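Subject: Handing over the structure

Hi,

Here is the structure I promised to pass on.

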Amino acid sequence: MTTGRNLSQFLAAVQGTNFSTEDAKRIFQGITVAARGMNLSIDDTEGTYRALTQIMSKGKLQAEELRGQLGDRLPGAFSMMAQALGVTTGELDKLMKKGLITGDVLREGLLKFSENYAKKVAPELDSATNTISAGLARLNTSFSKLVADFTDSGFASLVGSTANG
């Protein structure tokens, strides 16, 4: 499944809730950044999207999605959600058991959760991106040097003249 299709399903689940399309996009974007920063596999990334879609479809936060689906893929998800809601992990557990994380509480919690998680992994994502960019730059430099050495050696002229005549 593509990220676009996952976003479409998530946006469909948001319809009829107190989440705006902009809220949904911010949450989805934050979770996407978190998944990339954590270097999640495609299956694990899709699992996080599926958990978000289920949360939206149910209209409430439950332990199954937070602990079982998000928590298995995003380390520290449970404590980060508690922090986003301004409660302890024990209080979060009780609130979920009572089905009290709904409506605006859920909306604000998911917005803060996705934003905070993205911020948490952003340095790692920047580092990974910089490492890849630096590696590609080194590869490009090495290749340019190889071509220059090859040309300077006269071998290219020898091959060219042999081919032409």
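Let's start with the largest pocket: its lining takes at least two residues from each of α1 (3-14), α2 and α3. Helices here are DSSP runs (H or I, at least four residues), numbered from the N terminus. Before going on, bear in mind that this is a predicted model, where local features need pLDDT of at least 70 and side-chain atom pairs count only at pLDDT 80 or more, while totals for chains, interfaces and linings use all residues. Residues are numbered from 1 along each chain as its sequence is written, and side-chain values use heavy atoms, with hydrogens and water left out.

Back to the pocket. It holds about 150 Å³ of space. Twelve residues line it, and T3, R36, I42, T45 and Y49 are the closest to its centre. The biggest share of the lining comes from α3, with four residues. By class, the lining has five nonpolar, five polar and two charged residues. (A pocket is an open set of points on a 1 Å grid over the protein atoms alone, where a 1.4 Å probe fits, with protein on both sides within 12 Å along at least five of seven lines; lining residues have an atom within 4 Å of a point. The volume is the space filled by probe spheres set on the points, which are joined across faces, edges and corners. Ala, Val, Leu, Ile, Met, Phe, Trp, Tyr, Cys and Pro count as nonpolar, Asp, Glu, Lys and Arg as charged, and the others, Gly among them, as polar.)

Now for the helix pairs. The axes of α1 and α2 come within 10 Å and cross at roughly 140° (axes are lines fitted to C-alpha atoms over the stretch in contact, and angles run from 0 to 180 degrees between N-to-C directions). That is why the two are oblique to each other (under 35 degrees is roughly parallel, over 145 roughly antiparallel, 65 to 115 roughly perpendicular, the rest oblique). T3, N6, L7, F10, L11 and V14 of α1 make the contact with T21, A24, K25, I27 and F28 of α2 (contact means heavy atoms within 4.5 Å). Seven of these residues are nonpolar, three polar and one charged.

Next, α2 (residues 21-37) and α3 (residues 42-58) cross at roughly 155°, with axes within 10 Å, so they are roughly antiparallel. On the α2 side, I27, F28, I31, T32 and A35 meet T45, T48, Y49 and L52 in α3. This contact has six nonpolar, three polar and no charged residues.

Last, the axes of α3 and α4 (residues 63-73) come within 9 Å and cross at roughly 160°, so this pair is roughly antiparallel too. The α4 residues in the contact are E64, E65, Q69, L70 and R73, and those they meet in α3 include D43, D44, R50 and K58. This contact has three nonpolar, four polar and seven charged residues.

Cheers
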